[in-house]
Amino acid sequence: MSLLDVLTKYRKDPSLAAGPASLLPDAEALDRSDPLRHKRDEFLLPAQSVYLDGNSLGPMPVAARQRAQAVLDQQWGEDLICSWNKHSWIDLPQTVGDKIAPMLGAAPGQVICCDSVSINLFKVLSAALGLNPGRRKIVSQRDNFPTDLYVVQGLQQLLGETQCELEVLPEEEIEGALDDQVAVLLLTQVNFRSGYAHDIARLTRAAQAHGALVIWDLAHSTGVMPLELDHWNVDFAVGCGYKYLNGGPGAPAFVYAARRHHAALRQPVAGWMGHQSPFEFSPEYTPAGDIRQFLAGTPPILSMSVLDAALDVYRDVDIRQVKQKALNLADYFAARMMELPSLQSLELATPLAHIERGAQLAYVHPQAFAICQCLIAEGVIADFRAPNILRFGFSPLYLSFCGLDKALERFAAIMEKKLYALPEFNVRKKVT
């Protein structure tokens, strides 16, 4: 019986979860049979913590710390400006982009590492509007990650509503709203609150059937979900380097642009690194004819070098195994929660079907913020999303089933003792 089968049985008949015998396999046995268990040794993690927030900030890979030290001590410290050539700093945006490309199902030369998701989204939105003249409407989801909507609002303010108009809709109304007036469909594959995952292939086909271009935000997908952007005929995508890719806080983001658009697209953040010949220092801008045209300023070498090294943890990993383990971890966690009486007040907001979710679970509780602070105080690092979501991320490369048992024991004790009612856990100084 699979872990999902156990969870489904518990959901259909809660008395099974409350019974004297668990239907779940032993956590130690699950860890022994885990083909990814050796990867945990490649990460630096506090010994007593269970880290369930890798979907917000991935932990530090050992290789990332080593690279940072090498860049500081040798490349910058000793070789100085010579490192642009000697250590190939100048090629890092493309080098890192080509490392990310296989995770996206993208052929080389279609991914570039640069800037942040917000800046990159501004670039690709502008480019997509330019590729679809005569259309102005950008359709997105009402509960999309806010920065995605803010970027469209900023572009709308810049261009005017006659050139750019944002329409936000509930998830269930999006496909029906696609028509011949839509210029761009902008969606995030995995919802940052609920964990619901869109069907990229189906929605891309639906939008393109009406002549719209499609932009996917893959911040909660890249590194944990199998993606086939070339096969799905996706136009553009953006994503970050600091979540499942473990590139560190504020790590550079990436842009995917299908090769078929390279010759015709124009993005507005014209900078010297995006020039066809940046070192000719021409006063007139001529964009590079390939993915490099999404570059603008000088790349941030320290952070990009760290991301480059962090990506090496995926060098011997099958992304399908990563996704399967993420689902198994989440299924185990959700089923164990149903077995623990003190956790019954939390309501699962994430779909059960594997095809409809990413690598996280979201639970609704009126005291979600305070519960989250209690968990963190007990070494279980989860996170809170307003107004009432307690969110757990299941990053498969370093999490174990025994670790989940440890986290759930602490969780159950918090709820039994109602520690979340203590005043110190209800002061919102900072949301982690």
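Ala-407 sits in helix α14, which spans residues 401-417. Helices here are DSSP runs of H or I with at least four residues, strands are runs of E with at least two, and both are numbered from the N terminus. This is a predicted model, in which local features need pLDDT of at least 70, side-chain atom pairs count only at pLDDT 80 or more, and totals for chains, interfaces and linings use all residues. Residues are numbered from 1 along each chain as its sequence is written, and side-chain values use heavy atoms, with hydrogens and water left out.

**A residue inside helix α14**

- Ala-407 counts as buried because its relative accessibility is 2%; buried means under 20% relative accessible area, exposed over 50%, and partly exposed in between, with a 1.4 Å probe and protein chains only.
- Ala-407 and Leu-52 are 355 residues apart in sequence, yet their C-alpha atoms are 9.1 Å apart in space.

**Cysteines**

- How many disulfides does the structure hold? The count is zero, where a disulfide is a pair of cysteine sulfur atoms within 2.5 Å.
- A disulfide is a covalent bond between the sulfur atoms of two cysteines.
- For Cys-374, the closest cysteine sulfur belongs to Cys-372, and it is 9.4 Å away, so the two are too far apart for a bond.
- Cys-374 is buried, at 2% relative accessibility, whereas Cys-402 is partly exposed, at 30%.

- Leu-72, Trp-76, Leu-80, Ile-81 and Leu-302 make a nonpolar surface patch of about 520 Å².
- Patches are made of residues with over 30% relative accessible area and no salt bridge; like charges are joined within 9 Å, and nonpolar side chains (Val, Leu, Ile, Met, Phe, Trp, Tyr) within 5 Å.
- A salt bridge is a side-chain nitrogen of Lys or Arg within 4 Å of a carboxyl oxygen of Asp or Glu.
- The accessible areas come from the Shrake-Rupley method with a 1.4 Å probe, and for residues only the protein chains shown count as cover.
- Ile-81 is in the loop between α4 (62-76) and α5 (83-86), and its 66% relative accessibility makes it exposed.
- Leu-80 lies in the loop between α4 and α5, and has a positive phi of about 50 degrees although it is not a glycine.

**Backbone features in other loops**

- Asp-115 also has a positive phi, about 50 degrees, without being a glycine.
- You can find Asp-115 in the loop between β4 (111-113) and α7 (117-131), where it is partly exposed with a relative accessible area of 30%.
- Ala-386 and Pro-387 are joined by a cis peptide bond, with omega about 5 degrees.
- Pro-387 is in the loop between β14 (383-385) and β15 (389-393).

**Pockets and cavities**

- The largest pocket has a volume of about 350 Å³.
- It is lined by 17 residues, and those closest to its centre are Gln-189, His-198, Asp-199, Met-225 and Ile-355.
- Two elements, α10 (200-208) and α12 (319-339), each give two or more residues to the lining of the largest pocket; α10 gives the most, with three residues.
- On a 1 Å grid over the protein atoms alone, a cavity is a set of points where a 1.4 Å probe fits but cannot get out, and a pocket is an open set with protein on both sides within 12 Å along at least five of seven lines; lining residues have an atom within 4 Å of a point.
- Grid points are joined across faces, edges and corners, and a volume is the space filled by probe spheres set on the points.
- There are two cavities of 30 Å³ or more, and the largest cavity has a volume of about 50 Å³.
- Residues lining the largest cavity include Gly-223, Tyr-244, Asn-246 and Tyr-398.
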